[in-house]
Each structure stands twice: as structure tokens, then as C-alpha cells.
Amino acid sequence: HVVSSAVFSDLEQHINEQLYVSELDVKDFFYRLGIEDELSDYFALEPVHLKDLEKVMSTEGHQQLRQELTGPGPFYPCLKVLPMGFSWSFYLAQEAHRYIAAQALPGTHLAQDGRPLPLLGSPGGIGIIYADNGTLVGDSCDAVNSRHEALKQALEARGLAVHDEQE
């Protein structure tokens, strides 16, 4: 369901229709999407020893780490979030955002490449989800703003903070 910017060229509206657009951008999106421990094992970093970490960590952080880990190491830190360089990360992030949007905006047409878009005046409007970005389009300012707020609340309810908004 990945959508390219080409979908914007497919938008059509009646000659006298107003166009309203709203954007959402999830902060640090990939790093907010947790992964299972089993998958995390595939994203281990170089081994480290506790004594080496003491040089780069705060005293408080190092003391907490010493309480959680036993022995001198080596330890293999693993990512517990989607790594940006993992070839499937973009797809998984895209599908997570799209799933949340579909739940939050049940009447909204979510755009897909190669699929026709409804006219802007269609009930529910149009949503264009691209990884951490959500674009909502329609012919009613109030309706677009309402959908924006619904999607924002759904994202934030799942720990996906949205960047500050500007008019």
C-alpha cells in the first residue's frame, strides 16, 4: 500500500470546489515503532563492556545499567525499534500508519498507487499516508480539520506523538 507523490496529480475537483489540505507528521516515527524481542536480536550492535560505557554515559545511567546487567560483558545492545536501514522498515511503518488511519477515519478513502481516487467532494474525503506523513484532503475545511483531529488523537493514543501544528 505504499503511495508515491504521483497520487497528488490524480486529485480531481469540480471547477467551483474549494480544496482544503491538512498535514500530520509523526515525530521520530521509526524509533517509536517497537519490535518483538525475537526480531530485535537481528539488530544487535557491536559488543561493549561496562567499563567502556562508563566513559560515555552519565553516572546515573551507568549505575542503573550496572544494576540491570551482570558480569563484565561483553554485552550486545539490540534495537527494540524499527531500524531505519532495515529493508522492511519503511513498509512496516507505512502499514502501521495506514492501519491506524483506517481505524480512525472509517469513511475516508485512503489513496493507493494505481487505484483511482474519488472526486474531492466525495463523502469522507481522501487520505494520503506516506510513512510518517498523513495528508488529508477534502472540499470542507471543517471536515478536513475533524479528520485531522481524529487521526492525531488515534496516533497519540498509540504513543506516536505528532509534530507541533502550524496554521
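These legends describe close-up views of a predicted model. Local features need pLDDT of at least 70, side-chain atom pairs count only at pLDDT 80 or more, and totals for chains, interfaces and linings use all residues. Residues are numbered from 1 along each chain as its sequence is written, and side-chain values use heavy atoms, leaving out hydrogens and water.

**View A. Helix 4 packs against helix 5.** Helix 4 spans residues 89-104 and helix 5 spans residues 141-157 (helices are DSSP runs of H or I, at least four residues, numbered from the N terminus). Their axes lie 9 Å apart at an angle of about 125° (axes are lines fitted to C-alpha atoms over the stretch in contact; angles run from 0 to 180 degrees between N-to-C directions). That angle makes helix 4 oblique to helix 5 (under 35 degrees is roughly parallel, over 145 roughly antiparallel, 65 to 115 roughly perpendicular, the rest oblique).

**View B. Residues at the contact of helix 4 and helix 5.** Helix 4 contributes His 97, Ile 100, Ala 101 and Ala 104. Helix 5 contributes Ala 150, Leu 151, Ala 154 and Leu 155 (contact means heavy atoms within 4.5 Å).

**View C. Strand 3 and its partners.** Strand 3 covers residues 126-130 (strands are DSSP runs of E, at least two residues). Of its 5 residues, 4 are buried (under 20% relative accessible area, 1.4 Å probe, protein chains only). Strand 2, residues 109-110, pairs with strand 3 in the parallel sense over 2 bridges (pairing needs at least two DSSP bridges). Leu 110 stands opposite Gly 127. Strand 4, residues 133-138, runs antiparallel to strand 3, joined by 5 bridges. Ile 128 has Thr 135 of strand 4 as its bridge partner.

**View D. The hairpin of strand 3 and strand 4.** The hairpin has 2 residues between the strands. Ala 131 takes a positive phi near 50°.

Definitions and conventions: Buried means under 20% relative accessible area, exposed over 50%, partly exposed in between (1.4 Å probe, protein chains only).
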